[in-house]
Amino acid sequence: AAFTAFTAANFATLSGKGDAYYIPPFLFAAIFYILISFLIKSQITWLMALVAFTCWICVQSASLTEWEPYFLGMNFVLRFFLYSLILTVCVYQARNIKVFQPFYPLTFYYGLCLSFVSLWAVSICGNSGTWEEWNKISQIHFWPWALLSTGVSALAAYMGWKKNWLLLQNFGI
């Protein structure tokens, strides 16, 4: 796992400068980690795959905008929340796939962590693209994001309580 990370980092550094050189190493590392995870049934390697894939998504979306603040009208934090939400829903839907079952708990926990951390960040900065833009906006404009965060947390706590799912309930609380 460490060798793959070092190789990907060195490949990106030696290949040249610019975003295009950082995108493929993250994707190749994620694919390699996934393959190794399924072969040796390693949770830590699976976690490395999730982190590498998340890094790839982040660099890819930033590269598509040429590191501008918005992509499809969303700042980076909001894009990250959308990604983590999609990841969490897809993981939950794939929970009964036999080959994926050993990795389901870790992946679901990872998705929930990403979702709630990014939701917390969205409640603080909203859809502001830059620090300067955020400073100019009155704090009252962030209330809808704070209400979204509160609503999602309350929904998670309620669903966790209703289905006796302690993990989801704790994240909501």
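## Model

The structure is a predicted model.

## Nonpolar cores

The largest nonpolar core has 28 residues. Within this core, Leu 87, Val 91, Phe 100, Leu 112, Leu 114 and Phe 116 touch the most other members. Four helices each supply at least two residues of the core: H3 (43-64), H4 (76-93), H5 (104-125) and H8 (166-172). The most is given by H5, with 9 residues.

With residues up to four places away in sequence left out, Phe 100 touches Trp 46, Val 91, Ala 94 and Thr 107. Val 91 is also among the core residues that touch the most other members.

## Largest pocket

The volume of the largest pocket is about 420 Å³. Its lining is made of 18 residues, and those nearest the centre are Thr 88, Val 89, Leu 112, Met 159 and Leu 168. Leu 112 is also a member of the largest nonpolar core.

Helices H4, H5 and H7 (143-162) are the elements that give two or more residues to this lining. H4 gives the most, with 6 residues. By residue class, the lining has 14 nonpolar, 3 polar and 1 charged.

## Second largest pocket

The second largest pocket has a volume of about 200 Å³. Among the residues that line this pocket are Ile 57, Cys 58, Gln 60, Ser 61 and Leu 64, together with Phe 71, Phe 76, Arg 79, Phe 80, Leu 82, Tyr 83 and Ile 86.

H3 and H4 each contribute at least two residues to the lining of the second largest pocket. The largest share comes from H4, with 6 residues. This lining divides into 9 nonpolar, 2 polar and 1 charged.

## Ser 149

Ser 149 lies in helix H7. Is Ser 149 buried or exposed? Its relative accessibility is 14%, and the cut-off for a buried residue is under 20%, so Ser 149 counts as buried.

Leaving aside residues up to four places away in sequence, Ser 149 touches Leu 119 and Ser 123.

Terms used: Residues numbered from 1 in each chain as written. Predicted model: local features only at pLDDT ≥ 70, side-chain atom pairs only at ≥ 80, totals over all residues. Heavy atoms only, no water. Core = buried A, V, L, I, M, F, W, Y, C linked by side-chain atoms within 4.5 Å. Buried < 20%, exposed > 50% of the residue type's maximum accessible area, 1.4 Å probe, protein only. Contact = heavy atoms within 4.5 Å. 1 Å grid on protein atoms, 1.4 Å probe; cavity = no way out; pocket = protein on both sides within 12 Å on 5 of 7 lines; lining within 4 Å. Points joined across faces, edges and corners; volume = space filled by probe spheres on them. Nonpolar A, V, L, I, M, F, W, Y, C, P; charged D, E, K, R; others polar.
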